[in-house]
Amino acid sequence: MKPKARFVLRIVVCTVLFIGFLAGTFISGIFLYLEGFSSERLGLLVLSLAFSIISLSKIIQFNKEEVRSRIDAVTKGRHDFITEWTISSSLWHKFLKGKLAFDIKESTGYGYVFGGIMAAILAFVLSASFAIVELLMIALGVFVIVFGLTKLVVILIARNKFRKGSQFSQAEIHFAKEVIILNGRLISLSDFGLRVRSVLRENRFGLELISIATETGIGNRKNRFEYHIPIPIGKTDEANELIDYYSTLIE
């Protein structure tokens, strides 16, 4: 069996086991609550919980091993290698500062969205219990609190990303046929359940970038991820070739 197929099989098996044992934990807890305490029911609950934790830890372990293996395959030349870029210190830090400023600006929009949603939901739920003026005051208070908390969380996440990125004096990027390694971070473009949605060159944060969007999940449970790679001076033609190639992976 090929390594990738073995990895997928391991993840699927462990995920099924995790869901099963987790369901067993909840069912055991319900029986313990409804039927009363017994050593057998408690033992079943503890055992189910223990196997749930073991299954989850195995999923995490297998994912880490796969990530390390794929990074090694690219950086040590055992993967279908395309090219390698070195982003200069000045360009890398300009990119990090531009992205931080953009994320901080975007935090206001997130605050309005989540604050408005929470205020509207609460106003609807309490509409029969309070007068209109009281309801408006409550909704306004909730909006302000949620707005502030959301903005704060987004800014803290952005600053944490900036701090992590600033630990590197420059950026080393390895481009392979199905993965990109950015300063040791794996950007997968061909994983189980993952789809490439767009690959393009654009001007963001005051720089020319390769922007890649991927997506996982189905229906309303889709998760979207965006990656931005600064284009060094003199690498425009190579960037266009990379974009042309990675665009063939779009689903």
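A residue is called buried when its relative accessible area is under 20%, exposed when that area is over 50%, and partly exposed in between, with a 1.4 Å probe and protein chains only. These legends describe a predicted model, in which local features need pLDDT of at least 70 and side-chain atom pairs count only at pLDDT 80 or more, while totals for chains, interfaces and linings use all residues. Residues are numbered from 1 along each chain as its sequence is written, and side-chain values use heavy atoms, with hydrogens and water left out.

**View 1. The chain is made of 5 helices and 7 strands.** Helices (H or I, at least four residues) and strands (E, at least two) are DSSP runs, numbered from the N terminus. Followed along the sequence, these elements come in the pattern α-α-β-α-α-β-β-β-β-β-β-α. The chain has 251 residues, and 33% of them count as buried.

**View 2. The buried residues of helix H4 pack against helix H3.** The expected span of a helix is 1.5 Å times one less than its number of residues. H3 has 38 residues and should therefore span 56 Å, which agrees with the 54 Å between its end C-alpha atoms. H4, which covers residues 132-166, has 35 residues and reaches 50 Å from its first C-alpha to its last, close to the expected 51 Å. Among the buried residues of H3 are Leu 91, Trp 92, Phe 95, Ser 107, Gly 111, Gly 115 and Ala 119, and the elements that cover the buried residues of H3 include E1, H4, E2, E3, E6 and E7. In H4, the buried residues include Leu 135, Val 142, Phe 147, Ile 155 and Gly 165. Ile 155 of H4 counts as buried at 18% relative accessibility, and it touches (contact means heavy atoms within 4.5 Å) Ile 104 and Ser 107, not counting residues up to four places away in sequence. Although Ile 155 and Ala 101 are 54 residues apart in sequence, their C-alpha atoms are 9.6 Å apart in space.

**View 3. The largest nonpolar core has 27 residues.** A nonpolar core is a set of buried Ala, Val, Leu, Ile, Met, Phe, Trp, Tyr and Cys residues joined through side-chain atoms within 4.5 Å. The residues with the most contacts inside this core are Trp 85, Ile 173, Phe 175, Ile 180 and Ile 210. At least two residues of the core come from each of E1, H3, E2, E3, E5, E6, E7 and H5.

**View 4. Leu 242 is found in helix H5.** At 3% relative accessibility, Leu 242 counts as buried. Leaving out residues up to four places away in sequence, Leu 242 touches Ile 82, Thr 83, Trp 85, Phe 175 and Ile 210. Leu 242 and Val 199 are 43 residues apart in sequence, while their C-alpha atoms are 9.2 Å apart in space.

**View 5. Phe 205 has a positive phi of about 60 degrees, although it is not a glycine.** Most residues other than glycine have a negative phi. Phe 205 has its place in the loop between E5 and E6, and with a relative accessible area of 15% it is buried.

**View 6. Glu 215 and Arg 197 form a salt bridge, with their closest N and O atoms 3.0 Å apart.** The pair links distant parts of the chain, since Glu 215 lies in strand E6 and Arg 197 in strand E5, 18 residues apart. A salt bridge is a side-chain nitrogen of Lys or Arg within 4 Å of a carboxyl oxygen of Asp or Glu, and by this rule the count comes to 8 salt bridges. Glu 215 is buried, with a relative accessible area of 10%, whereas Arg 197 counts as partly exposed at 29% relative accessibility. Arg 195, in strand E5, is buried with a relative accessible area of 15%, and, leaving aside its neighbours within four places in sequence, its contacts include Glu 215 and Glu 251.

**View 7. Glu 202, Arg 204, Arg 224 and Glu 226 are linked in a network of salt bridges.** Another salt bridge joins Glu 208 to Arg 201, with the closest N and O atoms 3.1 Å apart. Glu 208 is partly exposed, with a relative accessible area of 34%, and Arg 201 counts as partly exposed at 38% relative accessibility. Lys 235 forms a salt bridge with Glu 238, where the closest N and O atoms are 3.7 Å apart.
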